[in-house]
Amino acid sequence: MNRALARILLSLAFCAPAAAQDVKKEIERYRQMVSEGSPAELFELEGEALWKKPQGPRQASLEKCDLGLGPGVLKGAYAALPRYFKDADRVMDLETRLLHCMTTLQGRSREEATQRVFGNADRPSEMESLSAYVAAQSRGMKMAPGESHPKEKAAYELGRALYFQRAGSWDFACTSCHGEEGKRIRLQELPVLLKPENARSVAASWPAYRISTSGFVTMQWRMNNCYQQMRMPEPAFGSDTTVALIHFITVTGKGETYQGPGNKR
Amino acid sequence: MNRLRRTVLGALAAWLATPLAALAAWNESAFGAKTPQDALKGIGAANPAPSKEIVIDAPQIAENGAVVPIEISSNIPGTSSLAVVLEKNPFPLAAKFDFMEGAAPFVKLNVKMAETADVRVVATAGGRHYSATREIKVTIGGCGG
Amino acid sequence: MQRDFHARGQAGMERVVQDGIQRVCTETHNQPPAELARRLEADQMKTIAFPQASLIGDWKSGERIAQNGRGMQWTDAPGTPNGGSCYNCHQLSPKEISYGTIGPSLAGFGAKRGSGPELQRYVYGKIYNAKAYNLCSQMPRLGYSGTLTEQQIKDLVGLLLDPASPVNQ
Amino acid sequence: MAGPMKMRATLAGGYTEVRVLMTHPMTTAQSGQPLHFIQNITVKLNGKALIEAEVSQAVSRNPVFSFRLKGGAKGDKIEVSWLDNKGESNTIETAVA
């Protein structure tokens, strides 16, 4: 680099971007203060009640649901998801597995159980509260999604391929927003989920309380909402596409200690 | 309406209202005030003296006006109450906390702010009123318009 | 993809099918061979319908379009004017502190470059079909995709080039 | 919906930090929904009221408050209750940890 250019860049670094740095610092402070007072725990309480509530034609609760570590084992179950389930012969994330338990244990139809998977501030969905409750039982444990079964490997590869897949009215892929380090939409910083250092904090904080809507949001919702903003049609709840993307992100972020349910914008 | 009926209804209404009134009072005129000045008058603190002993800890920028975290405290000896006035909200008075002996004049809470504005905190100590302000910018986050 | 997605609102299933450019950019991770890129960019250039008269519209309307992040989603009502989502990725008016950084800052764009006919044409064309200028650009083809109307794009040209626009203050 | 509350009270360097969560919509007059918000909050230590608060609809949805009580000892009883403009109320009690 020639010296004159270096001097210009140096002067720029000291004047113009200073304001931008302050904005970034203050937004981080905002998020920190908000997360110290998170209502996420309220959803855990609601989820616990739903876990134990007899429902469906069989009037059964979900207490015998096998989330991967055996029927009814909650501690550490979320940290080991997504994973391959032999009984369903596919890779499942938390919500897909909960849906499986609703249909098998409680005898509910898939249509009925998925009628309202994403709630709102006035009425959180059953899936959201249950996700909060189950995820919270993995707090402090290392994220270790399944990686050894051939279908787990295939889900990871599919998720990675989908991350780059450009389509829709606006030609977007996940990489359009989450492809380059240090970029943001409005003031929201966008993690590059191909990189473990970025994916780790994501894996450790979802599902989460969402400040802007005062509701609780899950990873299935995150995938659904990203595709909405990508101007794509809607992906089905618990589909191979959404599970593969969640699996890919979680495997990329593996090893992080789970600290959620967290707080999002 | 005849007088007897009015009396009976009045007594009934008073009786129904009693449990709530006995439990707690809510300063309707102060909370209904539409300007910061009227809100201050409403809580009997029309002309508070500026004080550096009131601490308002808040981010300078809030990404979402629906949740603005603020932590307030007072180092003025004998502080018995802290009030929060959001100067550009349609109803500026957001909260008033009364502290008895044994409670520290400290609160952390989340408030809604309609737009970028000053947050004013009014402390009462020994019958006198003090205040400090801090500006918080409210911005738009995320992808939606 | 066909099996996992379903049409909802205005977002039809045709959107999951990749066109040629989307396929090339996906397969090459947005690094297409130069020769192919040049050829496909030239094809995209032919899609741009440049209006005859002045390309500079009303910057006030342009600012509203730039701020608006809605449009084309399955949650957006068809028929209502779409936004351009410009602030999501670009800095424009220096007064707006909430801006994205995926695209370059456009603050002072016209003040630095003027507002001549060639520049007007470039800005109009770039907004209409960004892929005509950079094949695997992350910027949507806002005119080509039917997101923005001719008048809306002109208003955005005004926002960028009009000396009175907040972008150039 | 006036749903569950959650509270933590912990000793921290000479005072007891009380953090309480309340499920409440806190709807404003501007929201188009019926005005529904918490108006009064009381914090008690071993049955004695130490903080009395009056709040407006400007407090965020699902309110979270932190308070500090001087002194306090493990096992002391903290009680927080709220009352809203429709007369609904809720109370939670916990021991200082």
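Reader: What radius of gyration would a compact globule with 169 residues have, and what value does chain C have?

Author: The radius of gyration is taken over C-alpha atoms, and the globule rule is 2.2 Å times the number of residues to the power 0.38. For the 169 residues of chain C the rule gives a value near 15 Å; chain C has 17 Å, which agrees. Its C-alpha atoms fill a box of roughly 50 × 40 × 30 Å along the principal axes. This is a predicted model: local features need pLDDT of at least 70, side-chain atom pairs count only at pLDDT 80 or more, and totals for chains, interfaces and linings use all residues. Residues are numbered from 1 along each chain as its sequence is written, chains are lettered from A and ligands numbered from 1 in the order in which they are written, and side-chain values use heavy atoms, with hydrogens and water left out.

Reader: How many helices and strands does chain C have?

Author: Such elements are DSSP runs numbered from the N terminus: helices are H or I with at least four residues, strands E with at least two. Chain C has 7 helices and 1 strand, in the order β-α-α-α-α-α-α-α from the N terminus on.

Reader: How many residues of α7(C) are buried, and what covers them?

Author: Buried means under 20% relative accessible area, exposed over 50%, and partly exposed in between (1.4 Å probe, protein chains only). By this criterion 10 of the 12 residues of α7(C) are buried, among them Gln152(C), Lys154(C) and Asp155(C). Their cover includes α3 (59-67), α4 (86-89), α5 (109-113) and α6 (117-128) of chain C.

Reader: What span should helix α7 of chain C have?

Author: The expected span is 1.5 Å times one less than the number of residues. Residues 150-161 of chain C should thus span 16 Å, and the end C-alpha atoms are 16 Å apart, which agrees. Helix α11 of chain A (residues 240-252) reaches 18 Å, close to the 18 Å expected. Because 12 of its 13 residues are buried, α11(A) is largely enclosed by the rest of the structure; His247(A) is one of the buried residues.

Reader: How many helices and strands does chain D have, and what does its C-alpha trace span?

Author: Chain D has 0 helices and 7 strands. Its C-alpha trace spans about 45 × 20 × 20 Å along the principal axes. For its 97 residues a compact globule would have a radius of gyration near 13 Å; chain D has 14 Å, which agrees. Of these residues, 54% count as buried.

Conventions:
Contact means heavy atoms within 4.5 Å.
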